[in-house]
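Colleague: Hi! I'm new to this one, could you walk me through it?
Modeller: Happy to, let me bring it up.

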Amino acid sequence: MGKVIRKEIDVDLSSEQAFNAFISELALWWPKAYTWSKDKLVEISIHPIPGGHCTEKGPNDFRCDWGTVSAVKHGEYIKIRWQISPFRVPEPDPDKASEVTIGFRTITDEQTRIELRHDHFENHGEGYEKYGDAMDGEQGWDYLLACFAKHARSGSGITAEVKS
């Protein structure tokens, strides 16, 4: 079995609020530097239904799908085929994707533990070991989850529901 990344953070939101903020407010917390469009990013989104696309939209109708939702239970978890190659380019073949699962576990009515698991890096092929190490490093999931935690603390834009 290959590398498995496990990360978790606690946020002061209900599990439903945390799920909704993570998914429907992605553009408010995901760092633009971690997109292909950078400062010209128009939209980044996850369509939270099985088969839904994870998409970036940039200027001039540029569109890039970077993942596919494989399973979801609103307020509890979402599983995504991570279709970004070790060379940081989109991978259209879902069989060459790793898998990211984000769980939202209730601690109290007002606090949630976000549990992230990223595995199956070997599906990416050449360069997958270094890719897994990078995603496990401080500029990988640690940084991305810290960005979400900061957004959750700010309370700005925290939505009531995800739109399917």
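Modeller: Keep in mind that this is a predicted model.

Colleague: Nice. What volume does the largest pocket have?
Modeller: About 400 Å³.

Colleague: And which residues lie nearest its centre?
Modeller: Those are Tyr-34, Thr-35, Trp-82, Ile-84 and Arg-88, out of 18 lining residues.

Colleague: Where does the largest share of that lining come from?
Modeller: From helix α3, residues 128–135, which gives 3 residues.

Colleague: What classes of residue line the largest cavity?
Modeller: Its lining has 11 nonpolar residues, with no polar and no charged ones. Among them are Phe-22, Trp-66, Trp-82 and Trp-141. As for elements, α2 (26–29), β5 (77–82) and β6 (98–108) each supply at least two residues of that lining.

Colleague: Now the largest nonpolar core. Which members touch the most others?
Modeller: The core has 38 residues, and Val-11, Ile-46, Ile-78, Trp-82, Ile-102, Trp-141 and Phe-148 touch the most other members. Helix α4, residues 141–154, gives the most to this core, with 7 residues.

Colleague: What is Trp-141 in contact with, leaving aside neighbours within four places in sequence?
Modeller: Trp-141 contacts Ile-5, Lys-7, Trp-30, Trp-82, Val-100, Leu-116, His-118 and Met-135. Of these partners, Trp-30, Trp-82 and Val-100 also line the largest cavity.

How values were computed:
Residues are numbered from 1 along each chain as its sequence is written. This is a predicted model: local features need pLDDT of at least 70, side-chain atom pairs count only at pLDDT 80 or more; totals for chains, interfaces and linings use all residues. Side-chain values use heavy atoms; hydrogens and water are left out. On a 1 Å grid over the protein atoms alone, a cavity is a set of points where a 1.4 Å probe fits but cannot get out, and a pocket is an open set with protein on both sides within 12 Å along at least five of seven lines; lining residues have an atom within 4 Å of a point. Helices (H or I, at least four residues) and strands (E, at least two) are DSSP runs, numbered from the N terminus. Ala, Val, Leu, Ile, Met, Phe, Trp, Tyr, Cys and Pro count as nonpolar, Asp, Glu, Lys and Arg as charged, and the others, Gly among them, as polar. Grid points are joined across faces, edges and corners, and a volume is the space filled by probe spheres set on the points. A nonpolar core is a set of buried Ala, Val, Leu, Ile, Met, Phe, Trp, Tyr and Cys residues joined through side-chain atoms within 4.5 Å. Buried means under 20% relative accessible area, exposed over 50%, partly exposed in between (1.4 Å probe, protein chains only). Contact means heavy atoms within 4.5 Å.
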